[in-house]
Amino acid sequence: RLAERAMTSDPADLAGKIGLAFRLATCRKPTADESAVLLDTYQAHLANYQQNNAAAEALVNIGETKRNASLDVPQLASMTLVCNLILNLDETVTKE
């Protein structure tokens with residue numbers, strides 16, 4: 001899972017983790033504007049999932065692969081949606 005990989009990666013800060021996910025998917029660093037949008041998106045989802053832990057649990061438990069139980073559920077759910085956004089970029093879908 002891309003979100004788990006980003007969250008458990010070496011960059012200590014959130015921007016670095018999101019930047020890593022972006023680089024893995026697109027083979028380039030995000031621009032400052034792209035980084036800002038992704039960070040804002042993460043923060044908005046995090047605020048929502050901190051208020052609704054059941055929704056966060058439901059999201060991170062989708063699929064056959066067990067989630068990393070050591071990760072904070074609202075943070076993982078938020079990163080999952082950011083990674084979903086990254087993976088749905090035109091340049092990710094049409095990457096050569």
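A definition to begin with: axes here are lines fitted to C-alpha atoms, for helices over the stretch in contact, and angles run from 0 to 180 degrees between N-to-C directions. Helices are DSSP runs of H or I with at least four residues, strands are E runs of at least two, and both are numbered from the N terminus.

This is a predicted model, where local features need pLDDT of at least 70 and side-chain atom pairs count only at pLDDT 80 or more, while totals for chains, interfaces and linings use all residues. Residues are numbered from 1 along each chain as its sequence is written, and side-chain values use heavy atoms, without hydrogens or water.

The chain has six helices and zero strands.

Now the pair. Helix 2, residues 14–26, packs against helix 5, residues 73–87, at about 35°, and the axes are 10 Å apart. Contact means heavy atoms within 4.5 Å. On the helix 2 side, Leu14, Lys17, Ile18, Ala21, Phe22 and Ala25 take part, and helix 5 supplies Met79, Val82, Cys83, Ile86 and Leu87.

As for the whole chain, 61% of the contacts with a separation of 6 or more are between residues 24 or more positions apart. Buried residues, meaning under 20% relative accessible area with a 1.4 Å probe and protein chains only, make up 34% of the 96 residues.

Finally, dimensions. Along the principal axes, the C-alpha atoms fill a box of roughly 35 × 25 × 25 Å. That is what I have.

Definitions and conventions. Buried < 20%, exposed > 50% of the residue type's maximum accessible area, 1.4 Å probe, protein only.
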